[in-house]
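Hi everyone, thanks for coming. Please have a look at the structure on the screen, and then I'll walk you through a few spots in it.

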Amino acid sequence: MHENSLKKLRNIGIMAHIDAGKTTITERFLYYAGVNYKIGEVHDGAATMDWMEQEQERGITITAAATHCIWRDSRINIIDTPGHVDFTMEVERSLRVLDGAVAVFDGVAGVEPQTETVWRQADRYGVPRICFVNKLDRIGADFFFCVDSIRKRLSCAPLVLQLPIGVESDFRGVVDLLRMRALIWNTSDLGVTWEEVDIPSNLRDFAEASRLEIIDNLASFDDEILEKFVAEEEITVEDFRRSIRRGTLSSEFVPVLCGSAFKNKGVQPLLDAVIHYLPSPLDLPPIVGVEPSNGSDAVRKTDRGEPFSALAFKIMSDAHVGRLTYFRVYSGALKKGGGVLNSRTGRMERASRLLEMHANDRFDRGEVGPGDIVAGIGFKNTRTGDTLCARDHPIILEQLEFPASVIDVAVEPKSKADGDRLSKALAALSEEDPTFRVRTDTETAQTIISGMGELHLEVIIDRMLREFKVDAGVGKPQVAYRETFMSPVLGHTYVHKKQTGGLGQFAVITASLEPLDAGSEFEFENRVRGGAIPKEYIPAVERGFAEALTAGPIAGFPAVGVRVVLTDGRHHEVDSSELAFKLAAVAWMREAATKASPVLLEPLMLVEVVTPEPYLGDVVGDLNSRRGRVLGTELRGSAQVVSALVPLAQMFGYATRLRSRTQGRASHTMQFDSYKTMPSAVQEEIVSQIRGI
């Protein structure tokens, strides 16, 4: 891709709360850009981007699908991301490789909890955004309430570029404030055409005032606009667009547009805004990574002449072609059949095929270059978050961090053949989804799978049964508790000594255990001096400590928030080995853990309930009865919003209970907040349940 065509490339994501209309907007993009000959509807299970059976049945997006379209000579690569909080990592890893985003808002609800989550994720990666207030045809829709909620709840400066004409069932089109024209869509041809007419007389004064507000905002950082305004010269549409683009890329403000994607109104101006205001790969600063050999900064410019660098952001199993690795190219070029270095493993990988994706359809590419988002076949050992780069110019781009999984389920294959299929299925699914984890319970030998929420695990299990044909028994969802320690253990020594006829096993370890805060995992420090333990055995000691922490002393849950400092030890020239020191470390940790005042930690969920006023007392009372701590309530439109921290163990079946208490009129969302120590009485009860006392 040459520089000129790179200028005309947009890599965008569509992000929002569940049910705000992301997939519907993507479908309209594809229809109006001529990619699809008919509009796929989410509620019919016919959306191009929701191609998984589970997505079509539930009417939600589960996996971030990639596609592209051509609009006004520009190519737009689109990733349609999920809105449900259980699949928030799909959004996270998509935002990492995107250049811009369209944030979609429900015209009735405004900013919702998951909108805030994805907005903060976009802030973290510095992704420029434009906003689209959707569903203005719905009863209760209020464009200005939405704009106000964007300003207050997302702490940003909305720049309103359009005004709605009519509202609810009377919504007909929008006022374009830059050109001061009204756009009215034709309903007879599914919104393909629209008429440009004069602004309705009842909106003209308000439109003039809103346009002055745009000029005022732009003049605060753009001298050219300020000079033209003061000199009373005409500010052209091109002047506006240039200035708005600058402000959007520097996050001075976010442009706000409006419409109703389902009713085919307002989509084409949104496509125009993507081209006018969101960045091309050339607008972004060069990507900065780390040189693996010395840890210094390594910079790659968006240029084919630079060494190749790309970030793998998604792994998928495809029934037809096998393992697909999605990656974003930042610099250099890669030809089909070419080799690249995986800088995490230090091994070479070969791109046997390069594919351009359109949801689950694919087209072969001979070569890829900067700005391309494609999938490759042949990357056998690549995981999500790995950097692919030129062998002679290694680089590590920013690693992705994945949140803790909070719900466990036991799965049991029905037969030996099912056991083999289960192993393959779990390996493939955990490669695809880093928030899905698999472990074996050491005491019961059961396979335990962990995920981000009930829906997450439900979808995983459904895919296991359908795609991988695994016949397995599935237990009830259980809370993924953790263990930690409250007291330090200083200078504890363990002697490991075994003689079994041949070579013996000998290892002595002296170390200290220090509690860290619950958000930390495991830290290890080696302070052994004078060769008391030979250097080659130190990694085995660290592995032994880490292995012992996978099952804590109270109830066998993983232990976190631990720092171990190895201070001394002894070895034997003949009888010491890596295995001896690893076994000594495991036993040392088990002994020390019982002395360190172990406690159970439980996951707390941030719960937000949107309820009509009459049910507020009931909702708050119910959350309190679940050991919840109400953080506050606020009025949003005509509804009350309750925020609370509630232990996950108390939230199973909450959706059904909430519906029955509020006659189906309240809704809730929840997401993981943190791990906290639980009350001792509750801990005793849980431990006795687990041990079957």
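Let's begin with a word we'll need: a residue is buried under 20% relative accessible area, exposed over 50%, and partly exposed in between, using a 1.4 Å probe and protein chains only. With that rule, Asp622 counts as buried because its relative accessibility is 3%.

Before going on, a note on the source. This is a predicted model, where local features need pLDDT of at least 70, side-chain atom pairs count only at pLDDT 80 or more, and totals for chains, interfaces and linings use all residues. Residues are numbered from 1 along each chain as its sequence is written, and side-chain values use heavy atoms, leaving out hydrogens and water.

Back to Asp622, which forms a salt bridge with Arg626, their closest N and O atoms being 3.3 Å apart. A salt bridge here is a side-chain nitrogen of Lys or Arg within 4 Å of a carboxyl oxygen of Asp or Glu. Arg626 is buried too, at 9% relative accessible area. How many salt bridges does this rule give? The count comes to 40.

Another one joins the side chains of Glu602 and Arg627, at 2.8 Å from N to O. Glu602 sits in strand S34 (residues 598-612) and Arg627 in the loop between helix H15 (616-625) and strand S35 (629-636), so the pair ties together parts 25 residues apart in sequence. Helices (H or I, at least four residues) and strands (E, at least two) are DSSP runs, numbered from the N terminus. Is Glu602 buried or exposed? Glu602 is buried, with a relative accessible area of 3%, while Arg627 is partly exposed at 29%.

Now for a sheet. Four strands form an open sheet in the order S30-S31-S33-S32, with mixed pairing. Two strands pair if DSSP finds at least two bridges between them. The edge strands, each pairing on one side only, are S30 (489-498) and S32 (522-526). Inside the sheet, S31 (residues 505-515) and S33 (residues 562-570) pair in the antiparallel sense over eight bridges.

Which strands does helix H13 touch? Helix H13 (residues 538-548) packs on the sheet, touching S31, S32 and S33; contact means heavy atoms within 4.5 Å.

Last, the cysteines. The structure holds zero disulfides, a disulfide being a pair of cysteine sulfur atoms within 2.5 Å. For Cys258, the nearest cysteine sulfur, that of Cys146, is 9.9 Å away.

Notes:
Axes are lines fitted to C-alpha atoms, for helices over the stretch in contact, and angles run from 0 to 180 degrees between N-to-C directions.
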